[in-house]
Every structure is written in C-alpha cells, then in structure tokens.
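Me: I have a model open on my screen and would like to walk through a few of its features with you. Could you help me read it?

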Amino acid sequence: MSAGDRDARPAGGGDEADRRLSALTIFTEPAGYLKGLVVPLGAALVTGGLDPWILILSAVLVAGMLLAGLLTYRSVRYRVGEAHFELRKGIVRKQRRTIPLERIRGVDVSATPLHRLFGLAVVKIEAAAGGRAPEEGKLDAVRLGEAERLQRELLRRRPASEEGADSADTEDELLFAMPRRWYLFGALRPRYLVALLAALAAAGGAALELLTDLGVDIGQVVARHRDWASGGALGWAALAAAALALAPVFAIGAYAIAQWGFSLRRRGGCLVTERGLLTRRQVSLEHARIRGYELADDPLGRLGRAVRLTAIATGIRGGGSRAALLPTGSRRRVHAILAEVLTPFAGGLRAHPPAARRRRLGRAVAPVAGAAVVAALAGHGWVAAALAVAVLPAAALGLDRYRSLGHGFDGQQLSLRSGSLSRGQVVVQKQAIIGWRWTQTLLQRRAGLATLEVAVGAGRGGYAAIDIGLADSVALAHEVTPAMLAPFAVGDQSASNDRSASPEA
Amino acid sequence: MSPRAVRMWTVSAILDGLVTAAILCLVAWLADRGQWSWVPEAVLERVWWGPIGYGVFAAVSAIVSPRWRYRVSRWEVAGDVLYTRTGRLRVRWQLVPVSRIQTVDRTQGALERAFGLASVRVQTASHLGSTSVRGLDADTAEELTGQLAARAGALRDDAT
C-alpha cells in the first residue's frame, strides 16, 4: 500500500496525530472527586456555619481539583498508530504505554450520569500482556463519538480479524434487545429484592443519626408513643405487609435501572453488550477469548423458569457483571440466543453417587440440628423447637444441593453443575482446560468421593465438581484430556486404586 | 522430596511452636497477674492449661507431622505433565501440563538455605492450576526448574 493510499483513508486510518481527552475533563474530573467530598464538605459547612477557614479550605480544595483536572487534560495524549496504541501521561514522571493492536482484547465504553451530561464517555482498553496480568489503558474521558470511533478502530484494526474485515466488521448485528417483560424478572432476583430493605435500613439509620445529632432523645420519643405502638400492632403488621408487597416493585425498579436497554450485538470478532439507565456501559468481548459459559439461577428464578447467561472469558476475573451476555430471562429464549452466539453443551449431566447425597444432607442439616440440641440442653425450649422445625427446610436445601450436582462431557465441552440457592452450570471448552486438581478430605475418602477442580485460565480460574465419585472423576478427566492423564492412569478401573495408593515418585 | 526436608520441617515446626507458646504464656501470665475481671473464675484458675496443652500438642506434632508430610508428599514429571500430591488429612493431587506453564520460580528461604533445600513454584494462567513443590534438594530443584522451563518454552501453548 502506497503512502498516497494511506493519506486518502479517513481520519485514523493510518498513523494519526496525537489526540487529547475532551477539554470538558477539566470539569468532570473534579466533579468526580467532589462526589465523594460533598457529604463531608456539606456537613462541615452546615455545622461550622460560615466559618471563614472552612470556606477558604473548601475554595482551595476546589481550586486544587480544577488544577488537577487541567493537568490531566494537558498531560494525557493518545494515538492509534499503525501497529500500536500509544498512551502518554504524567507531568513529573512521564509515562508512556504502548499496546500492540493485536494484543488488545477488549474496549469498554462506560459513561456515568455526569459524563453523559457532558456528552463524554470513559474508554478502557484491555490487553493481554504476555499472559500475565492484563494491562490496561484508560481514557477518562473523551467525547462519546470519539469513544465509539476508538472502539471500532481498535477492534477492527487487529490483524486477527482481517479476513472479511471490510464486510462483516463494519456492520453490527443485533442479537438481542431487552424485551419489556424481562424487567419483571428483577422481582425474582434476591439481590434486588433486598434492595428495598437495604435502602430502608440505610434511610432509617441516617434519619436516626440526624435526629440524634439534632438533639432529639429517641428513648423519650419511643416512650411517649408507647401507647400508640402497642395499640398499633395491627398498624405495624400492615406496614410490614406493605414493605413486603413493595419489595418486588422496588426490585423491578432497581433491576431496570441496572439493566435498562440491555442489548447484545456481534461486531466483527466481538460480542458487545450495552446496558444501564444512569451509567451506561458497553463491554466488548472478543470471541476468541471466550472459553465457555455459565448458566446461573436461584430457586425463585427456577420457579419462573428464568436463567442468566455469563461468558467465561480470559482476562475477566471472577466473571462478574462485565462478562454478562444476557440478563435474567426465560430459559427458552436464553438457550436460543446461546445457540446463536456460542456452542451449547450437547450432552447430559450425570448425577453424583448416593454418598454425595448423604454428605449434602448432613452438611445442610447438621449445623441446625446441632444448634437445636445445644439449645435444648441449655433449656431454651422455644429456640430448640424453632430450630427443630428449621431442620426440614435445611434438609430440603441439602437434597436440592445434591440434585443439582452433575457432570458431563459431550466430546468438546465439559459441564459441571452445583449449588442450590445460587445454582450454576458451567460449560468449558476442552482446549481451555489447563490442569486438574483433586481434593479429598478424610470423610470424603471414607465415602469414596473427591472434589475435582478443573483449572481454566479464564473466568473464576477454576470450577469444581463437588463430591464426585473418585473413580468417576478420574474417568471424566481421562475422557476430557487423555494426554494429561495417560502417564498416570493406565486403565480407568485401576486408576482410582493407583491414586489412593499414591504412586512412588 | 529430600529426606533433609524432614529435619527442616521439624526445625521450622519447633520454631513456630516456640513463638506461639511464648505468646500464649505471655497472655496466661498477664491474665494470672492481672486477674482480669471479665474472665470467668473457672478459666482464671486453669489459666496455664492452655499453654501447657498447646506445648504438648506442638511437641507431638513437631515430631509426627514432618515425617507424615514426607511420607505423603509426592511429585513427578511424566509425559510432559507435572504431578504433585500433598496433604495429610486432606489429600490433594494436582496435574499441570507442562505446555500450559507460564512461569517457573525456584525460591529458597533462610531455613531452606541452611538445609540446602529449595522450592519450585509453577504458575499457569489459572491460580487453581498453579502449584509448588516444597522441600526439594537444591540441586534437584535447580534441575527441575531448568527442565520445566525448557520444556514449557518448547511446548508453549498460547491458549489460556
């Protein structure tokens, strides 16, 4: 390609000139700091009245932050080069970071309400730095249009996606847009259900603190209204009922704020998710980074036949919300989209041996039953009775934990499932498995069980098959990675003996 | 493992035990002298049982534990897979394919140096897939480190 060609390309096509953050950063950066200082500063101003010292201090603080914003704006430069992304910053200690374009694994764009007010966005560039901890470049903040341009530019220009670069890469393919009904699933997420209670508790605590600060004697107030309180037991009950009834509403509200307008797109070699009402976040996951997926649900979600899909991808530790591919949604639809973007697990799950049921049951019931016995011995009859009744749900929980245990291999992918209150089925590609670890406690040894963990260089780093039969576990590992097990397990039958007999080194 | 590891683990267990016992004795002595009011009378009367009990336990475990640990610890490299086995009550076997190894570190603490021993730590892209072999003869550790690093470099499989 001649030099003339390069000049003819649109801006950013070749080596481009140094670019700066948006000038508005001078204001948004201090505003970001101020968010954390508003309460203490406000409190100082209120309690200190118009003390000149506090006023001066605040002014100095604000001026200092503005200066810091100005310095950030002045010092940060970036550039998308032929083969590298270059980021320079620092005034006293200059820092220059060069990220090869082919190492860039993802470009995330997020915007807090403050940024959106100014039409800005934060760009986070993630790169694999030679297999070690991922390296990052963060641009806080650039204009929204520039953020989108950067994302496209950086992801498109990776040589890895060169085949079909012109056709597919420029077009977005919308795979999923949040249907209205799906916001209702928020009512099934325990995390959001407790949001109201947490908010009430926080508000109550703050109000209490404020009243005490204002010199109101809480004890006296309570004493004065004792009559009302005791007479109004019905009123309290009504209040509690109202709170319970309102909890799902608030849950849906909180959930909608977080998941608003969730969309999943295919853009070049990436899957791009976008969501959020106040803070809008766009995460791009390179397809080549995805090592598997996880389907998670909880008892409430199972009642509503709902499940959520998360990717297991390298460079995203813990697989938290960044790796979310779909919000909680109806199982059928989630599976349909899963089949479209990833390879679904094609095999069935095998149950774990009956000894595992005994162990799950024992572990769920034993603490409750033990506490009941202790309470009974200590003479707290009522507590003991309550705990004895609680044994039943504990047993149900234990049984359900056993029911969800399972493992399977379909020739390409390994799948493990466990958990009850928070159940997860992980599916991991065969090639992504980078090791095995067996753990066997004294009790597990007597029951012929073990916990097999599979090491994966992505997501949470490893996934466990709890209380799998020892022989089964060796057979499974042997089936999935024959080369890894071959030197140690000669035959599947003799394998378990081999292992417990600890072969000589 | 090197048989010398037993001696090192014994010395290290004795040192650990002495430090913990000293702290326990100090607490007991303070409680005895101060007659802390919030501590129940029955406990104060038997305040020295704690340190004595711990001392007996530490002494027994300093003798038994290192030998036991030596007997159950295994490592082996076969067919480009590193195999380790550790743990007394809770046994743990681990398989790490050499091709997935990212770094191999050979470390030697002060005690290890005194006994001519070393540890080899192997890291992969997953914390769960990382392991270490402790109590190796220093020369063996050197050899193992070199062997693993060379093989890992040759087999380098970039997938994580």
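Predicted model: local features only at pLDDT ≥ 70, side-chain atom pairs only at ≥ 80, totals over all residues.

Me: What volume does the largest cavity have?
Reply: Residues are numbered from 1 along each chain as its sequence is written, chains are lettered from A and ligands numbered from 1 in the order in which they are written, and side-chain values use heavy atoms, with hydrogens and water left out. A cavity is a set of points on a 1 Å grid over the protein atoms alone where a 1.4 Å probe fits but cannot get out, and its volume is the space filled by probe spheres set on the points, joined across faces, edges and corners. For the largest cavity that comes to about 40 Å³.

Me: Which element gives the most to the lining of the largest cavity?
Reply: Lining residues have an atom within 4 Å of a cavity point, and among them here are A:Asp297, A:Val307 and A:Arg308. Strands are DSSP runs of E with at least two residues, and helices are runs of H or I with at least four, numbered from the N terminus. Two elements give two or more residues, β12 (290–297) and β13 (306–313) of chain A. The most, 3 residues, comes from β13(A).

Me: Is A:Thr273 buried or exposed?
Reply: A:Thr273 is found in strand β10 (residues 270–275) of chain A. Leaving aside neighbours within four places in sequence, its contacts (heavy atoms within 4.5 Å) include A:Phe262, A:Val283 and A:Leu325. Buried means under 20% relative accessible area, exposed over 50%, and partly exposed in between, with a 1.4 Å probe and protein chains only. Because its relative accessible area is 4%, A:Thr273 is buried.

Me: Which residue is the bridge partner of B:Leu117?
Reply: Strand β5 of chain B covers residues 117–123 and pairs with β6(B) in the antiparallel sense. In β6(B), the partner of B:Leu117 is B:Asp137.

Conventions:
Pairing = 2+ DSSP bridges. 1 Å grid on protein atoms, 1.4 Å probe; cavity = no way out; pocket = protein on both sides within 12 Å on 5 of 7 lines; lining within 4 Å.
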